[in-house]
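Please read these notes with the model open beside them.

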Amino acid sequence: MPSETQPLSRRQFASDNYSGICPEAWRAMEQANAGHAPGYGDDAWTARAADLLRQLFEVDCEVFFTFNGTAANSLALASMCQSYHSILCHELAHVETDECGAPEFFSNGTKVLTVPGEFGKIEPAAAARAVLKRSDIHFPKPRVLSITQATELGTVYSVAELQELWEVARRHDLRIHMDGARFSNAIASLGVAPKEITWKVGVDVLCFGGTKNGMAVGDAIVFFKKELASEFAWRCKQAGQLASKMRFLAAPWVGMLADGGWLKHATHANQCAARLEDRLSKVPQIEFLSRRQANSVFVKLPLPVIEALRATGWKFYTFIGAGGVRLMCGWDTTDEDVDSLATDIERLLSIGN
Ligand SMILES: *Cc1c(COP(=O)(O)O)cnc(C)c1O
């Protein structure tokens with residue numbers, strides 16, 4: 001092993017995409033690797049993965065697989081919009097801040113408009129205001145409400161909150177897209193059936209993330225409103241998202257869904273974040289920047305402490321303003337990892353005072 005790869009082998013709290021592949025996904029990939037299978041999704045793994053998703057959501061829906069979440073989100077959004085439409089999302093939404101304009105690009109110019117709200121959640125009244133602000137022909141026509149579940153700030157919309165957003169969407173003829181990069185963590189947090197926070201509250205299309213849940217790659221796009229999926233296969237192909245060895249995108253879903261691995265891993269990641277929150281809540285100097293409901297903890301730390309933590313080898317993101325630190329747990333985070341990080345934060349804070 002080259003020495004420069006050593007520091008990365010330590011488990012980190014930077015993102016749930018730092019982890020490797022979980023055993024369920026890995027085993028399924030191995031099984032899919034035994035022998036030949038038809039290409040471009042005409043294989044048994046892809047059919048089975050789609051069937052398992054239909055079972056999970058307890059509804060007949062159309063399912064597609066893409067390499068990543070940016071492709072899933074932007075293609076799903078494009079399928080619902082004309083170029084003169086707009087998409088409403090939270091101002092911190094991945095769709096707005098982290099997809100390099102892909103939703104606008106793949107929809108040939110649909111404008112993304114942002115809506116504020118505490119802790120990463122769109123406030124229904126703010127969404128309605130954004131729609132009503134302009135209705136003249138000089139402004140793009142609002143068409144889609146994009147909701148991230150769990151949110152970019154680690155919070156989770158309750159069923160009641162989703163119902164309120166659906167009210168707004170119905171009143172203003174908006175379709176609903178759900179960015180579910182951490183959908184599994186949201187389900188683990190809420191303890192409800194997946195249908196309760198999707199098609200039963202008006203979600204038309206869900207981008208269900210597999211990567212952060214424990215797969216190597218892959219998002220499932222689940223169309224609950226099936227007519228929106230007409231010609232979607234061509235859209236995927238044109239965007240370079242039709243995997244010729246599709247079975248390797250699909251098989252991990254079979255591995256994860258067949259025995260509940262998706263929920264087990266998300267529950268574990270959430271519990272690790274809860275443990276971290278609990279440890280840090282006992283440190284008087286710690287200020288929490290969001291509410292922990294899924295697998296991340298957001299805290300404010302003095303800049304010298306952030307630097308010192310990094311100097312001891314910890315990696316984490318600080319994208320939410322000065323001193324804001326995101327600590328993210330994944331399927332393979334251990335209690336020892338959490339305790340080790342919490343101990344280092346405690347120690348560095350006490351030196352600083
Ligand atoms: C990670 C993530 C995505 C998907 O990102 P890709 O890197 O394109 O897979 C989408 N939405 C949110 C909220 C995310 O955190």
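1. Basis. This is a predicted model, in which local features need pLDDT of at least 70 and side-chain atom pairs count only at pLDDT 80 or more, while totals for chains, interfaces and linings use all residues. Residues are numbered from 1 along each chain as its sequence is written, and side-chain values use heavy atoms, with hydrogens and water left out.

2. Ligand shell. Around the ligand stand N68, G69, T70, N73, H94, T148, E152, D179, A181, R182 and K212 (a residue is near a molecule if one of its heavy atoms lies within 4 Å of it). By class, one of these is nonpolar, six are polar and four are charged (Ala, Val, Leu, Ile, Met, Phe, Trp, Tyr, Cys and Pro count as nonpolar, Asp, Glu, Lys and Arg as charged, and the others, Gly among them, as polar). Helix 3, residues 69-78, gives the most to this shell, with three residues (helices, H or I with at least four residues, and strands, E with at least two, are DSSP runs numbered from the N terminus).

3. Polar contacts (pairs of N or O atoms within 3.5 Å). A polar side-chain atom of T70 is 2.5 Å from a ligand oxygen atom, and a backbone N or O atom of G69 is 2.9 Å from a ligand oxygen atom. On D179, a polar side-chain atom lies 2.6 Å from a nitrogen atom of the ligand. Of the 390 Å² of accessible area that the ligand has on its own, the protein covers 81% (Shrake-Rupley method, 1.4 Å probe).

4. The ligand sits in the largest pocket (more than half of its atoms lie within 2 Å of the grid points). A pocket is an open set of points on a 1 Å grid over the protein atoms alone, where a 1.4 Å probe fits, with protein on both sides within 12 Å along at least five of seven lines; lining residues have an atom within 4 Å of a point. The space in the largest pocket is about 640 Å³ (the volume filled by probe spheres set on the points, which are joined across faces, edges and corners). Its lining has 29 residues, and H94, D98, R182, K212 and R326 are the closest to the centre. Helix 3 supplies the largest share of the lining, three residues. The lining divides into eight nonpolar, 13 polar and eight charged residues.

5. Backbone. Q149 and A150 are joined by a cis peptide bond, with omega about -10°; A150 is in the loop between strand 4 (141-148) and helix 7 (159-171). Y40, a residue other than glycine, has a positive phi near 60°.

How values were computed: A polar contact is a pair of N or O atoms within 3.5 Å; within protein, one must be able to donate a hydrogen and the other to accept it, and residues adjacent in sequence count only if both atoms are side-chain atoms.
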